Amino acid sequence: MSIQFQIEATRGSARAGNLITPHGVVETPVFMPVGTLGSVKGVSQDVLEELGVEILLSNTYHLFLRPGVDTVRKMGGLHRFMSWDRAILTDSGGFQVFSLTELRKVSEEGVAFRSHLDGSAHFLSPEKAMEIQIGLGADIIMAFDECTEYPVDGARARDSMELTLRWAERCKKYFEEHKNEVPWRRVPTHSAAMQSLFGIVQGGMDPELRRESASRTIDIGFPGYAIGGLSVGEPRDLTADIVFSTLEHLPSDQPRYLMGVGTPEEIALYAQAGVDMMDCVLPTRAGRHGLLFTSEGRINIKKKEYAEDQGPVDPACGCMVCRRYSRAYLRHLYASGEPLSAVLNSVHNLAFYLDTMHKVRRDLALG
Ligand SMILES: [Zn+2]
């Protein structure tokens, strides 16, 4: 059976629930740290566990190029390869491939592209994206979609949406025929013993196309739905408008995943609007650049004013970094280019994101 989703509490559009995956229960709304190459940059798996991470995201495009799906499959799948026994979601590779504007060519069949690493030629189709993701063996895998650039005209947005719908059907067909090929087996002690494929709603920045995309993707039928194609350069209030209007057209009893968004304020806003799953590279990427999210706003740890500041990054944060280290020490690490700087900054930022979701969940549970 595919993934199960149990809603525990609701208020308005927001809901708290449990996503039952083959690798454990994920409490929602959930923030998924991004482990692009099977590694959340700078943060080891034991620290992720200590932070309470229940699911992380990995990128198909990057793992396909390095180390390659055959290697991961031989190592028993991504969970065993990276020694992570909790849930994993992989994206389809579509978003990354479409970011390679100079290096790709789109056809009905799929996308020909050149590796950003060595220029070697590759081809991703809906079937190939499924084959790779089944081989990697994540708990949740994503349909291969076309992500349109911003801005686009109406005809281009419609053509792209239609292509994504045709590709979604091909993804589902291939997945249904090959889903037993995942490199792991779970004793079906609970109902979610299988990998699950989610569909993706596209339609650019047009609410009517988004409605149609949602409706027709639901007709194809998936155990969960994502909102894709956002955070592609559009203004932030337009992102929010499209998220809110698209959410209205998604089934209320199935998980809803908003891809690649956003700041702590945005993830709280979208969780309150009824999004169950989100991912973003921001906490780790910002951490590597010395930008820290706190309950009092953002701080840039490189600033001289922190040179002798004995306080923690965030007095309201109970993470392992804030319990132990001062702003002065973190500033020193950053200024000296110590690798530990990126590690500690990333850990705190991830803790802050996870805590943001916990607060939404706790408020819902308390009614
Ligand atoms: Zn902290």
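Helices (H or I, at least four residues) and strands (E, at least two) are DSSP runs, numbered from the N terminus. The model is predicted, so that local features need pLDDT of at least 70 and side-chain atom pairs count only at pLDDT 80 or more, while totals for chains, interfaces and linings use all residues. Residues are numbered from 1 along each chain as its sequence is written, and side-chain values use heavy atoms, with hydrogens and water left out.

**Exercise 1.** Find where Pro151 lies and state which residue a cis peptide bond joins to Pro151.

*Solution.* Begin with the location: Pro151 belongs to the loop between strand 10 (140-142) and helix 7 (154-178). Then turn to the bond, which is cis, links Tyr150 to Pro151 and has an omega of about -5°.

**Exercise 2.** Decide whether Ser83 counts as buried or exposed, and describe its backbone.

*Solution.* Ser83 sits in the loop between helix 4 (78-81) and strand 6 (87-90). Its phi is positive, about 55°, although Ser83 is not a glycine. With a relative accessibility of 55%, Ser83 counts as exposed (buried is under 20% relative accessible area, exposed over 50%, partly exposed in between, with a 1.4 Å probe and protein chains only).

**Exercise 3.** Work out which residues Gln45 contacts beyond its neighbours within four places in sequence.

*Solution.* Gln45 lies in helix 1 (residues 45-51). Once those neighbours are set aside, Gln45 is in contact (heavy atoms within 4.5 Å) with Gly38, Met82, Ser83 and Trp84. For Met82, the backbone oxygen lies 2.8 Å from a polar atom of the Gln45 side chain.

Methods. A polar contact is a pair of N or O atoms within 3.5 Å; within protein, one must be able to donate a hydrogen and the other to accept it, and residues adjacent in sequence count only if both atoms are side-chain atoms.
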